[in-house]
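Thanks for coming, everyone. Please take a look at the sequence and the model before I start.

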Amino acid sequence: MLRIKEDNYIFLLFLLSLLNSVFGIVFYVGLLYLVYRQKEIGIVKFFLIATLRGIISTAIGTPLNYLDSIKLICYILLSLYLLRSKMLKIISLQCKYCLLLCAFFCLYALIASFISGSYPIVSLFKIFMFGTSFIGTIATINATKKEVDWLGFLERMLTPLFIISFFIIPFDNFRIVNDNFQGVFNHVNILGVMGALYISVLLSNEKRNKNGLRVFLITITLYMQYLSASRTGLIISIIAIVIYITTIVNIKKTIIALFAIVSLVGAISLTPYKKIFINEFNEYIYKGDKNDLFSSRKKQQDLASIKYNNNKLLGSGFMTPYNNDTVDYSLDFNLNVEPGNLIWTIIGDTGLIGTIIFIVFIISIIYSGERKKLLLVISSIGICMGEMIFFSTNNLALLLYCLIGIYIK
């Protein structure tokens, strides 16, 4: 064990990495020490902590972009280590089915990308990164559930970020993307989707939270999501709360909560400021275009449509652009692809066959888990309807895999 408490050790590494770029190296070396001490468990913690550090705003701390290559190499080597470890041998039967379907989807996406994609080598690399990190992370969490309170660990890592964000709301110098609030995170949309994941963790980890504290943390998170103007994050959070109230909370508390919501809506409708509330609601939901709810994602929709129409059965390349009459076998890390929705991405990238396989894969996850923690999967998949990060291991994907791993029995 570490000589100092693990949480304090992680906090110290995180703090040092914010102060100076030189300490970025110390940060990663310090995380590798966790790997050395805790093996597979330390690897998953490395993934989670490095992921959180990668989404911190430059207004809060020094960016570590210059170490992205080193981080990527670490991800690859550590994921391969997980695949060769004992974890895959001791996971539950439900988990094995999910991982086999994941491997099958990856194999299909790889073959389809070489048949109809423009950049098959880049697709191969992205499939490799998704498959190895997903399978390794899920297997490790499933195999170590009795040893590690993963939900508690995540809550301890996330709570300080949202509390600090709440206290910096009045300061405009932390709003560096636009006028909307982004907290300690590097983008307003990241605050939104992280808020949805955080709320799902709080609701799923009921045994560790007093109701008063949990209600406070959820309330301030919802408020910050509203300030961020992240439509996806706030909607998924509200859906998660409604599902929690109506399916998990006892009937007495459910009735009280529903009565409070109806009373609040009724009170607003009776006030002279009703039109203001309605206009604000419409502006928030429609993003200034009442004719098209998804106008902000129009470009991504069109690109997905082009890929799908090129090859409806196989799609046109996993997580890569499509250029007609172009087949490039180089490994180009500078290819820009901005998928805005998980469904559009799967349909355009892998076609009808891939979409069916992926749906079966997701259904297998849903049926393999603990129903009381279903919010973890709902939030993980739900946020990808507006911010498609499910396959982005260099962004928040590893955090999603962790939540899914906690859910699976």
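**A walk through the model**

Now the ground rules. This is a predicted model, where local features need pLDDT of at least 70, side-chain atom pairs count only at pLDDT 80 or more, and totals for chains, interfaces and linings use all residues. Residues are numbered from 1 along each chain as its sequence is written, and side-chain values use heavy atoms, with hydrogens and water left out.

Next, the overall picture. The protein chain has 15 helices and 0 strands. Helices (H or I, at least four residues) and strands (E, at least two) are DSSP runs, numbered from the N terminus. The chain has 409 residues, and 52% of them count as buried. Buried means under 20% relative accessible area, exposed means over 50%, and partly exposed lies in between (1.4 Å probe, protein chains only). Now contacts, meaning heavy atoms within 4.5 Å. Take those in the protein chain with a separation of 6 or more: 76% of them come from residues 24 or more positions apart.

Let's start with helix H1. It runs over residues 6-19, 14 residues in total. From first C-alpha to last it reaches 20 Å, close to the 20 Å expected at 1.5 Å a residue. That expected span is 1.5 Å times one less than the number of residues. Its buried residues include Tyr9, Ile10, Leu13 and Phe14. What do the buried residues of H1 pack against? Helix H2 (22-54) and helix H6 (150-167).

On to the rings. A search of the whole structure finds 29 aromatic pairs. Rings of Phe, Tyr and Trp (its six-membered ring) pair if their centres lie within 6.5 Å; planes under 30 degrees apart count as stacked, over 60 as edge-to-face, and the rest as tilted. Phe130 and Phe134 have ring centres 5.6 Å apart and planes at 45°, so this pair is tilted. Both sit in helix H5 (residues 120-143), 4 residues apart, about one turn of the helix. Phe130 is buried, at 0% relative accessibility. Phe134 is buried too, at 0%.

Here is another pair. The ring centres of Phe358 and Phe390 are 5.9 Å apart and the planes are at 90°, so the pair is edge-to-face. It links distant parts of the chain, 32 residues apart: Phe358 is in helix H13 (residues 342-367), and Phe390 is in the loop between helix H14 (374-382) and helix H15 (397-407). Both Phe358 and Phe390 are buried.

Now the core. The largest nonpolar core has 116 residues. A nonpolar core is a set of buried Ala, Val, Leu, Ile, Met, Phe, Trp, Tyr and Cys residues joined through side-chain atoms within 4.5 Å. Which residues have the most contacts inside it? Phe46, Phe134, Met194, Phe390 and Phe391. H2 gives the most to this core, with 14 residues. Leaving aside neighbours within four places in sequence, Phe391 contacts Phe105, Met319, Leu342 and Ala397, among others.

Last stop: Ile365, in helix H13. At 2% relative accessibility, Ile365 counts as buried. Beyond four places in sequence, Ile365 touches Cys98, Phe134, Val377, Ile404 and Tyr407. Ile365 and Tyr97 are 268 residues apart in sequence, yet 8.7 Å apart in space, C-alpha to C-alpha.
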